[in-house]
Amino acid sequence: MASVIGFRVLSFFARNLENKCLSRVQVRSLGGADSSVLSSDSVVVNGASIGREREGAGTLIEQGNGRLRTKVEEKKRVEDNVLETLEPLWDDGYGTETVRDYFDMAKDIIKPDGGPPRWFCPVSCGSPLKDSPVLLFLAGMDGTGLGLVLHHKALGKAFEVRCLHIPVHDRTPFEGLVKLVEETVRLEHATSPNKPIYLVGDSFGGCLALAIASRNPTIDLVLILSNPATSFGRSQLQPLFPILEAVPDGLHSAVPYLLSSIMGDPMKMAMVNIESRLPPRQRFEQLSHGLTALLPYLSDLADIIPKDTLLWKLKLLKSAAAYANSRLHAVKAEVLVLSSGKDNMLPSGDEAQRLKKSLQNCVVRHFKDNGHTLLLEDGICLMTIIKGTTKYRRSRRRDFVSDFLPPSTAELKYLCDQVIGFVRSASGSAMFSTMEDGKIVEGLAGVPNEGPVLLVGYHMLMGLELGPLVERFLIEKNTMVRGLAHPTLFSRTFEGSSSEFFFGDWVKVFGGVPVTASNLFKLLSTKSYVLLYPGGAREALHYKGEEYKLFWPDQQEFVRMAARFGATIVPFGVVGEDDIAEFVLDYNDLMKIPVVNDQIRDANRNAIRVRDESSGEVASQRLFLPGILPKIPGRFYYLFGKPIETKGKEEILKDKEVAKQLYLQVKSEVESNIAFLLKKREEDPYRSVIDRTLYKAMHAPSHEVPAFKP
């Protein structure tokens with residue numbers, strides 16, 4: 001039976017001035033019925049267990065210098081310091097740890113201690129938010145449990161992270177590891193039955209996670225599988241495995257270099273902490289330095305996976321894959337499979353699609369440029385992937401409002417550089433707002449500093465205005481704008497056939513929620529900044545000749561809700577879509593093209609309807625991808641109108657006519673803002689991207705390019 005013992009955390013998990021400070025965590029170790037059971041307050045000293053008598057009702061925890069405190073005291077201390085929310089643009093630590101840190105840590109953790117498999121909590125994870133769920137990391141072939149080193153800080157904010165360490169010379173069979181993890185899962189479930197338990201399985205760990213889920217269908221589990229080894233029987237390397245047994249011990253030191261090139265992409269590993277905005281020459285220099293520094297570490301793989309351990313792990317992989325595959329039908333858990341396009345060890349891309357078809361509730365995200373060691377390579381932070389696929393929750397039911405975690409600085413940077421980079425740089429957005437006295441000023445000074453605030457405006461073609469708007473609110477006001485988005489964005493029918501992390505995922509990372517009355521209610525009740533487009537998809541996917549025309553519903557849907565919470569309504573207009581692209585094919589044109597029209601019909605047949613026909617023209621929300629041709633870019637212009645207070649105006653709630661008048665006022669303000677921008681942009685000397693580029697060439701690149709005088 002598993003027993004709870006005390007175990008000394010290795011020096012790299014907690015550091016003092018000498019970088020060698022020791023602390024202790026609780027671990028669960030594997031043992032049989034005849035195992036000696038160490039009390040939970042025992043202390044490990046030089047490998048020997050020295051028991052201490054229990055004092056009082058609480059389990060004792062060593063503080064250092066011979067001082068002890070009870071678990072009750074520890075729990076109170078943690079609760080007093082716990083965070084309830086994260087501020088926008090928090091530091092997720094992605095890029096501060098690299099593969100070199102993994103090898104440095106591994107040198108210590110692989111030292112033989114004769115102990116069984118155990119759990120540890122990385123100190124770098126820190127203290128999680130209040131009511132955070134538990135995340136159990138199940139390691140791959142290395143068994144170190146350090147495979148999340150790049151993601152510790154980010155995951156540590158949202159989860160209680162625990163990692164499974166399997167010592168190098170441990171020979172626990174797969175069934176024994178299943179028993180260990182299962183007992184931990186059941187204990188956590190008994191402690192917090194209303195919280196989900198996350199199992200992150202890397203390669204071999206993916207098989208272990210699936211086995212646990214199949215044996216515990218009534219427990220709320222969320223599985224995140226990175227290149228799971230369920231496809232081990234179809235591995236490209238199967239013919240080479242028998243040869244490994246014949247390799248002389250003297251030549252085994254060469255095997256790690258072979259494994260490193262097969263299992264991961266050294267280039268992607270070395271790029272983790274390289275700034276993407278650096279000039280190409282500097283990036284190349286840093287990459288060269290990183291690769292040169294990384295290569296000597298590869299020899300350490302011979303110590304992490306020596307020959308006898310490698311042969312044992314291959315046998316373990318075979319039994320794990322067979323066990324997991326035979327029980328896929330019994331898995332009821334939520335599953336997110338992360339697959340790599342350059343996995344030279346397993347056919348992970350094909351396996352991800354097989355699992356998606358075989359499992360009852362499975363989503364796939366494919367990363368075409370990564371190798372087998374996906375979690376140790378440059379790319380997107382695991383926490384970002386969890387948020388973007390809406391897998392993060394703190395209870396049995398996902399709440400888009402209370403479970404939301406604001407974007408980090410690294411996520412905003414990635415969005416601006418990699419996702420909306422072209423639109424952002426080409427549009428050169430200029431934003432204006434209106435003060436209480438009616439004066440129009442540059443920037444967002446006229447937008448209230450306290451919520452609840454309801455931003456109501458025009459939706460440009462394909463929602464091109466969204467990225468710059470959200471970015472400016474984050475940077476200038478340190479405020480997260482929560483956009484009410486079409487529910488189809490949150491359904492699997494919207495996902496592309498490539499299963500790559502796509503724009504819809506980033507909408508969720510940056511606060512998008514399905515447009516429902518209940519979500520608007522929750523957002524306003526928490527004093528959020530809410531972005532609402534009454535015209536919805538009908539405006540964003542308008543037809544030729546309908547630029548800057550509002551398609552609002554007949555009913556005053558949002559006015560009464562805003563008044564209920566005393567929210568400030570800020571009407572805004574935005575123009576510039578006609579300066580970026582030429583509209584070539586709209587819905588009517590596409591429906592005349594064979595095959596394409598069938599695809600559009602199928603997509604709309606499965607789409608979620610937001611409004612019925614009584615809502616007027618806006619109810620005709622046909623989803624399609626318009627045909628556009630890029631122009632030499634002009635500029636986006638935003639104008640946020642004078643804030644409209646609803647606080648203390650109970651007549652809006654009582655009198656429908658008063659509510660209607662306010663609704664029409666907001667609509668009229670949006671139209672006036674659009675007309676103002678269309679006129680004033682003619683006065684902008686830097687409307688063209690060419691003029692803006694010349695301006696930046698003569699000034700600092702970070703210097704804000706001026707626009708027209710309001």
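My notes follow.

I am working from a predicted model, where local features need pLDDT of at least 70, side-chain atom pairs count only at pLDDT 80 or more, and totals for chains, interfaces and linings use all residues. Residues are numbered from 1 along each chain as its sequence is written, and side-chain values use heavy atoms, with hydrogens and water left out.

Overall. I found 26 helices and 23 strands in the protein; these are DSSP runs, helices being H or I of at least four residues and strands E of at least two, numbered from the N terminus. Of the 710 residues, 56% are buried (under 20% relative accessible area, 1.4 Å probe, protein chains only).

Cores. I looked up nonpolar cores, meaning sets of buried Ala, Val, Leu, Ile, Met, Phe, Trp, Tyr and Cys residues joined through side-chain atoms within 4.5 Å. The largest has 112 residues, and Phe159, Leu221, Leu223 and Met383 have the most contacts inside it. Leaving out residues up to four places away in sequence, Phe159 touches Pro128, Ser132, Pro133, Leu135, Tyr198, Met383, Ile386 and Tyr392 (contact: heavy atoms within 4.5 Å). Another core, of 57 residues, lies apart from the largest one and includes Leu455 and Tyr548.

Helix pair. I checked helix α4 (residues 174–191) against helix α5 (residues 204–215): they pack at about 60°, with axes 10 Å apart. Axes are lines fitted to C-alpha atoms over the stretch in contact, and angles run from 0 to 180 degrees between N-to-C directions. Among the contact residues are Phe174 and Leu177 of α4 and Phe204 and Cys207 of α5.

Notes: Buried means under 20% relative accessible area, exposed over 50%, partly exposed in between (1.4 Å probe, protein chains only).
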